[in-house]
Amino acid sequence: MRQTMPVRLGPAEDTLIAQLTSVGASAEADRMTVAGLPTRRVESYHYTDLKTLLKTVPPLATPANQASAPALRVAGAYQLMIANGVVQGASTAPAGVIVGKSAGGVLTSRDDVLVHLNGALAREALTLTLESSVDPVIQIDRRCEGDAAHVADAVKIFVADNGSAVILETFSGSDAAHVGNHATYLALGKNAVVTHITVDLSAKASSHFASNEYSLAEGAKLRTVTIHAGAGLSRSQVFARFVGAGAHADFTGLNLVADGQHNDITIDIRHGVAHTTSQEMYKQIARGRSKAVFQGKIVVERDAQKTDAKMMMQGLMLSDEAEILSKPELEIYADDVVCGHGSTCGELDEDSMFYLMSRGIPKAEAETMLVRGFIAEVLDPIEDEALNEALNGIVDGWLLGK
Amino acid sequence: MADYDHIPTLKENIDRATVDSVLSLDVDKYKYGFETDIESDMAPKGLSEDTVRFISAKKNEPEWMLEWRLDAYKRFLTLTEPTWAKVHYPQIDLQDMYYYAAPKSTPAPKSLDEVDPALIAMYDKLGVPLREREILAGVERPNVAVDAVMDSVSVVTTFREELAKVGIIFCSIAEAIREHPDLVRKYLASVVPVSDNYYATLNSAVFTDGSFVYIPKGVRCPMELSTYFRINEKKTGQFERTLIIAEADSYVSYLEGCTAPMRDENQLHAAVVELVALDNAEIKYSTVQNWYPGDKDGKGGIYNFVTKRGDCRGANSKISWTQVETGSAITWKYPSCILRGDGSRGEFYSIAISNGHQQVDSGTKMIHLGKNTSSRIISKGIAAGFSDNTYRGQVSAHAKAKNARNFTQCDSLLIGDTCGAHTVPYIESRNGSAVFEHEATTSKISDDQMFYCQQRGLNEEEAVALIVNGFVRDVLQHLPMEFMVETQKLIAISLEGSVG
C-alpha cells in the first residue's frame with residue numbers, strides 16, 4: 001500500500017548535491033538526492049521547512065582575504081578566529097589552553113541534515129583543550145567573509161576534569177547572503193564548570209545554522225546561552241547528553257526575531273544516567289512579520305532515575321503579525337523523575353505599560369524596560385562583567401532596531 | 001506465573017507480590033472479553049470498489065451516497081498511512097478483514113421484543129440498558145437513550161418516540177441517510193472532510209453505521225443520548241460514523257462506550273465523529289473507551305484510529321470533549337475543536353490509562369479562528385506496565401483570532417520503570433493578543449503521599465487508587481453522573497496491581 005513519493009529537488013538541493021559530490025561525499029550526496037531538504041513533514045523540522053526557506057545555496061567558501069569589523073569585542077578576552085572555515089593563526093594561548101587543529105567534522109553522527117552537511121563539508125576543526133581553570137573569556141570569532149559563500153566550520157573543545165572556562169562564540173561576517181553551517185562539540189570532564197555562549201550576529205541576508213553538541217561527565221556544570229540577533233533565517237540546535245551522575249546544566253537562550261525573519265532554536269536534551277538535573281529557559285521576542293520557533297525535547301532514558309528537568313519557553317509578541325511557534329516535548333521512560341515544562345505566550349502586559357506610562361515614561365522607553373525585565377533571567381547569571389555588558393548591548397541594539 | 005526474567009530492573013522497594021499482580025494484569029481483568037455467538041451476515045473479505053458498493057447496497061443507500069463513497073475510495077487509494085504518531089505496529093493488511101458484519105435477524109425489528117434475545121442478553125451483560133420499561137421502572141436511574149451498534153449495524157435505538165416529541169432526531173446514520181438526506185448532505189463531511197486523513201478517508205468509503213443526532217433550535221435535550229459500540233465478529237473492522245448537529249440555542253449531552261471480545265488478532269476500529277454547534281449551542285461529548293487492550297504479551301487488541309472533530313460554527317457555541325481511555329492496543333485519536341464562531345469555547349478533558357503493552361498517542365487540537373475564543377485542555381496520562389502514553393496536542397491561534405485564550409495542563413504519572421510517558425504539544429500563536437499558557441508535569445506518586453495514606457491504614461493498592469483518583473479528579477468531574485461511577489471502577493481495574 002505504501003508508495004514512496006519521488007522527491008522533487010529544488011535549486012538549493014541541486015547545489016548541495018553538486019557540492020557534496022565535489023568533495024567526495026557521495027554517501028551524503030545520495031542521501032540528499034533521495035530525501036532532499038527536510039519539509040514540515042519531518043517532525044524535527046516541523047516549523048522550519050528548509051525546503052521552502054532555503055531557496056539557494058552559494059558556492060563553497062574559499063579562504064577569506066579580507067575581514068569585516070569584529071561584531072563583538074569583550075575586554076580582556078583571548079581571541080581565536082575561523083574565517084570561511086579556515087582556522088586562523090592565534091596569539092599565545094593563556095595558561096592551561098592548548099590550541100590545535102584537526103581534520104573533518106566534530107559531531108557524532110545523527111539523523112539530521114545540518115549535521116550531515118557539516119560533517120561532509122567542514123575541512124578542518126579548531127581544537128581547544130582546557131587543562132585547568134582558564135581565567136580570561138575565550139572568544140571564538142567565526143566569520144563568513146567576502147562574497148556570498150557556503151561555509152562549513154567546526155570547533156572541538158575538551159574541558160579536563162575540574163577545569164573551568166567561559167567560552168564565547170560569535171558568528172558574523174560580510175553583508176553577503178552566506179549560508180553558514182557551524183558545528184561545535186564540547187565535552188566536559190568530571191566536575192568541570194563551563195559557560196558556553198553563542199551569539200549569531202551575522203548579516204540579515206544570510207542563513208545561519210549551528211549545531212552544538214555537549215557531553216557532561218560526572219558532576220559537570222554547564223550553562224549555555226544561545227542568542228539569535230542576526231541572520232534572516234537561522235536554526236540553532238543544541239544536542240546534549242548527560243553521561244555522568246550529578247551533572248547539572250542550564251540551557252538558556254534568547255531568540256530575537258525581527259521583521260521578515262525566521263529563527264529557530266531546537267534543543268534535544270538526553271538524560272542518560274541517574275541523578276542528573278537540567279533547567280531549560282528560552283525566551284523569544286518577535287516583532288514585525290516574523291516567525292520565532294522553539295522546539296524543545298527532554299528525553300529521560302530508562303536508567304535515568306531521579307532526573308529533575310524543567311523546561312520553560314516564554315514568548316513575547318511585539319506585533320500582531322508575528323508568530324511564535326513552540327513545541328516543548330517530554331519523552332520519559334523512567335518513573336522516579338520530576339519533569340515539567342511550561343510554555344507561555346502573549347504580548348506586553350497592559351497594566352505594566354500603564355503603570356510606567358502613568359509615571360511619565362514614554363511608550364517606547366516603557367516597552368524597552370519591560371522587555372529588558374523579560375529577558376533579564378537569561379542574561380543575569382553571566383558573571384563576567386564585561387561579557388554581561390556586551391551581551392546586554394546586543395539586546396539593546398536589537399531593541400533599537402539595529 | 002512468577003516470571004521475573006523479562007522485567008529488566010526490579011527495584012528494591014517493590015515487593016514480589018506487586019510484581020505478580022502486575023504480571024497477572026490486563027487479560028484477566030478485561031471483563032468484556034466474552035464473545036457472543038450470533039449468526040452474521042458478512043461482506044466478502046477485503047477492500048475493493050465492490051466492497052464499497054456492497055455496503056452501500058446493504059444499507060439501501062441512495063445513489064448520491066454511493067457516489068460519495070466511491071469518490072472517497074478513489075481518494076483513499078492515493079493516500080499513504082501516516083507514521084508520525086509515537087506508536088508501533090505491524091502493517092495492517094486492509095485486504096485481510098471484513099468491512100461489513102451484521103447480526104442476521106428478521107429485517108428491521110419493530111420493537112425490542114423482535115430483537116434477537118442473544119443480542120439483548122449481550123448488551124445486558126455489558127450493562128447497557130436497552131429495555132425502556134426497565135429503565136423507566138427504575139426511579140433512580142437517570143434517563144439515557146441508547147443506540148446500540150454491533151459490528152456494522154445499529155441494533156436498536158431506544159426512546160425514539162419520546163425524543164421525537166421535542167423534534168430531536170436520534171437514529172442510526174444509515175437511517176438518517178434514507179430519512180433525512182437533506183440534513184446529512186448538508187453536514188456530513190463538513191467538519192472532517194472526506195480526504196482529511198488516511199483513516200478518515202477509509203471510513204468515508206466503507207463506514208457502516210453509527211449515530212445521527214439532530215437537536216432543533218432552542219431545544220435542550222431532555223435526556224443523555226448514548227451510543228454503545230461493540231465489535232463481536234472475528235476479523236472485522238468497525239467503521240462507524242457519528243454526526244451530531246446542535247441548532248442554535250440547543251444543548252445535548254452524548255455518551256459513547258465501546259468494548260470488544262478478547263481475541264489474539266488485532267482488529268481495526270476507524271471511526272469518524274463530527275459535531276456541529278451553531279449559535280449559542282452546546283455539545284458535550286463523553287467517551288468511555290474500553291476496547292480490548294490485548295493480552296499481557298501485547299498480543300491482540302483493538303487498533304483504535306479515530307478522527308473526532310467538533311466545529312463551533314456559531315457565535316458563543318461550546319463543544320466539550322471528555323474522554324476516559326483505558327482500552328485498545330493502540331489508541332490514536334485527537335478529539336479537536338475548531339473555534340470558528342466568535343466567542344466560542346472548546347474544552348477537552350482526558351484521562352488516558354495504559355497498561356500492559358498498550359500504546360496511546362492521544363490529545364487534542366484547539367484551532368482558534370474566531371475572535372474572543374477560548375479553550376481549555378486538561379489531560380491526565382497514566383502509564384503502567386510496558387506501555388507508552390503520549391499526549392500530543394495542538395493549540396493554534398489564527399491571525400484573526402483576537403484575544404484567543406488557551407490554558408493547557410497535561411500531567412503524566414508513571415507507575416513502574418518499564419513504561420514511558422511523553423508530552424508533545426504544538427503551540428502556535430499567530431497573533432499578538434492571543435494568550436496561551438501551557439504546563440506539563442511528569443512524576444511518580446510521591447513517597448510522602450503514599451506514606452501519608454498508608455500510615456492512616458490504607459494498603460498500598462488502595463492508597464494508589466486514592467491518589468490516582470485524586471490525580472484525575474479534574475477530569476472526572478466533567479463526566480456525566482452515570483459514567484463517573486463506571487469510570488472510577490475502570491480506573492481501579494486498569495491500575496490494580498500496578499503499584500510500583
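The following questions and answers concern a predicted model.

Me: How does the radius of gyration of chain A stand against that of a compact globule with 402 residues?
Reply: The C-alpha trace of chain A spans about 65 × 55 × 45 Å along its principal axes. A compact globule with 402 residues would have a radius of gyration near 21 Å, and the value for chain A agrees, at 21 Å.

Me: How many helices and strands has chain A?
Reply: Helix 1 of chain A covers residues 11-22, and strand 19 of chain A covers residues 338-347. The totals for chain A are seven helices and 19 strands.

Me: Are helix 1 and helix 2 of chain A roughly parallel or roughly antiparallel to each other?
Reply: The axes of helix 1 (residues 11-22) and helix 2 (residues 26-35) of chain A come within 8 Å and cross at roughly 165°. Angles over 145 degrees count as roughly antiparallel. Helix 1 and helix 2 of chain A are therefore roughly antiparallel.

Me: Which residues of helix 2 of chain A make the contact with helix 1 of chain A?
Reply: The crossing of these two helices of chain A is left-handed. Helix 1 of chain A brings E13(A), L16(A), I17(A), L20(A) and T21(A) to the contact. By class, the contact divides into five nonpolar, three polar and two charged residues. From helix 2 of chain A come S26(A), E28(A), A29(A), M32(A) and T33(A).

Me: Why are helix 5 and helix 6 of chain A oblique to each other?
Reply: Angles over 145 degrees would count as roughly antiparallel, and 65 to 115 as roughly perpendicular. Helix 5 (residues 350-358) and helix 6 (residues 363-379) of chain A are therefore oblique. Their axes lie 9 Å apart, and the angle is about 130°.

Me: What is the make-up by class of the contact of helix 5 with helix 6 of chain A?
Reply: Helix 5 of chain A supplies S352(A), M353(A), L356(A) and M357(A), while helix 6 of chain A supplies K363(A), A366(A), M369(A) and L370(A). These count as six nonpolar, one polar and one charged.

Me: Which strand gives the largest share of the side of chain B that touches chain A?
Reply: The contact takes 34 residues from chain B and 35 from chain A. Strand 22 (405-415), strand 23 (420-429) and strand 24 (435-443) of chain B each supply at least two residues of that side of chain B. The largest share, 10 residues, comes from strand 23 of chain B.

Me: Which residue in strand 24 of chain B does H341(A) stand opposite?
Reply: Strand 19 of chain A and strand 24 of chain B run antiparallel, joined by seven bridges. The residue opposite H341(A) is A440(B).

Terms used:
Residues numbered from 1 in each chain as written. Chains lettered and ligands numbered in written order. Predicted model: local features only at pLDDT ≥ 70, side-chain atom pairs only at ≥ 80, totals over all residues. Axes fitted to C-alpha atoms, helices over the stretch in contact; angles between N-to-C directions. Helix = DSSP H or I, 4+ residues; strand = E, 2+ residues; numbered from the N terminus. Parallel < 35°, antiparallel > 145°, perpendicular 65-115°, else oblique. Contact = placed C-beta atoms within 7 Å. Nonpolar A, V, L, I, M, F, W, Y, C, P; charged D, E, K, R; others polar. Pairing = 2+ DSSP bridges. Rg over C-alpha atoms; globule rule 2.2 N^0.38 Å. Left-handed = near helix turned anticlockwise from the far one by under 90°.
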